[in-house]
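Please look over the sequence and the structure first.

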Amino acid sequence: MNARTMSLGGRSKGRQAANSSAMDAAARWGFMARGTIYLLIGLLALQIAFADVGGGGGEQADRGGALAEIGEQPMGSVLLWALGVGLVGMSLWRLSEALFGASGPDGRKASKRLLSAARFVFYGFVAYSVLTFAAGDKSGSSGDQQSQDVTATAMEQPGGRWIVGIAGAAIIGAGLWIAVRALRRDYHKHLKLGQMSRRVRQFVDVTGVGGGVARGVLFAGIGVFVLQAAIEYEPDKAKGFDATLRSFADAPAGRWLLSLVALGLVLFGVFSFAMARWRKV
């Protein structure tokens with residue numbers, strides 16, 4: 001057996017592992033975990049939008065706030081561990097896509113695999129933060145503080161101001177890309193549309209478009225604050241989910257703007273549940 005045959009055999013086994021029922025289950029569990037977190041963030045943001053003036057707005061509308069809300073429920077610790085494991089599954093699925101290619105005719109393109117690699121890193125970080133929270137470490141749960149700390153550290157590096165500025169512009173671009181892809185319903189190519197009734201497809205479109213646009217607006221808003229931190233050379237200007245959502249309330253008709261974005265995040269949570277059911281993996 002020559003080296004090429006061994007290499008092809010290794011790749012074939014790798015693709016089989018990537019397409020296994022275990023990886024399928026890991027991906028779907030990951031979508032459920034993602035949906036739960038976004039659903040709770042949206043509900044917490046709605047509480048902020050309709051909180052009485054000076055009432056504080058309750059928990060933070062970010063991942064830390066969502067995890068704290070889960071932890072207060074019966075068997076909350078078990079649920080937190082389940083979410084963390086689900087996100088580990090999501091991360092591993094994205095890693096398999098980066099290594100062996102995703103489903104679909106263009107899934108093995110370099111650009112698609114690079115995007116999957118970036119998602120692997122992102123979901124790996126989120127899974128780590130959820131698991132450390134479940135283990136009792138609440139110190140890193142504030143997304144706003146994390147954003148400021150990362151921005152401050154980046155600014156201390158040579159050319160740090162430019163690095164932060166480019167990162168802010170990239171986050172804005174990513175937010176716009178997320179929103180445009182949702183409006184174009186690009187997610188259709190990843191769904192098992194043949195298994196969905198007309199009403200189910202319409203419902204999924206409502207959650208996919210509304211949720212995707214809201215998520216894109218939120219990411220673009222975060223990017224604006226990161227860019228502002230670079231321009232003004234003030235790391236404290238950077239914001240995470242919670243502070244960005246609260247900033248929407250300061251805009252004209254801010255309570256209603258925040259409510260729309262919050263409702264959209266709830267829809268994105270529901271859309272993630274739909275992806276867990278009908279996503280091609």
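Leaving aside its neighbours within four places in sequence, which residues is L245 in contact with? With those neighbours set aside, L245 is in contact with I41, A45, A61, L218, L258, V261 and L265. Contact here means heavy atoms within 4.5 Å.

This is a predicted model, in which local features need pLDDT of at least 70, side-chain atom pairs count only at pLDDT 80 or more, and totals for chains, interfaces and linings use all residues. Residues are numbered from 1 along each chain as its sequence is written, and side-chain values use heavy atoms, with hydrogens and water left out.

Buried means under 20% relative accessible area, exposed over 50%, and partly exposed in between (1.4 Å probe, protein chains only). Helices are DSSP runs (H or I, at least four residues), numbered from the N terminus.

**A262**

A262 lies in helix α10. Its relative accessibility is 0%, so A262 counts as buried. Neighbours within four places in sequence aside, A262 is in contact with G42, A45 and L46. The C-alpha atoms of A262 and L43 are separated by 6.8 Å, yet the two residues are 219 residues apart along the chain.

**Helix pairs**

| Pair | Angle | Axes |
|---|---|---|
| α3 (residues 63-71) and α5 (residues 110-134) | about 40° | 11 Å apart |
| α8 (residues 198-232) and α10 (residues 254-278) | roughly 130° | within 7 Å |

Axes are lines fitted to C-alpha atoms, for helices over the stretch in contact, and angles run from 0 to 180 degrees between N-to-C directions. Angles under 35 degrees count as roughly parallel, over 145 as roughly antiparallel, 65 to 115 as roughly perpendicular, and the rest as oblique.

α3 and α5 are therefore oblique to each other. Their crossing is right-handed. On α3, the contact is made by R63, G64, L67 and A68; on α5, by F125, V126, S129, V130 and F133. By class, this contact has six nonpolar, two polar and one charged residues.

α8 and α10 are therefore oblique to each other. The residues of their contact divide into 15 nonpolar, six polar and one charged. Ala, Val, Leu, Ile, Met, Phe, Trp, Tyr, Cys and Pro count as nonpolar, Asp, Glu, Lys and Arg as charged, and the others, Gly among them, as polar. The crossing of α8 and α10 is left-handed. Left-handed means that the near helix is turned anticlockwise from the far one by less than a right angle; clockwise is right-handed.

Technical notes:
Helices (H or I, at least four residues) and strands (E, at least two) are DSSP runs, numbered from the N terminus.
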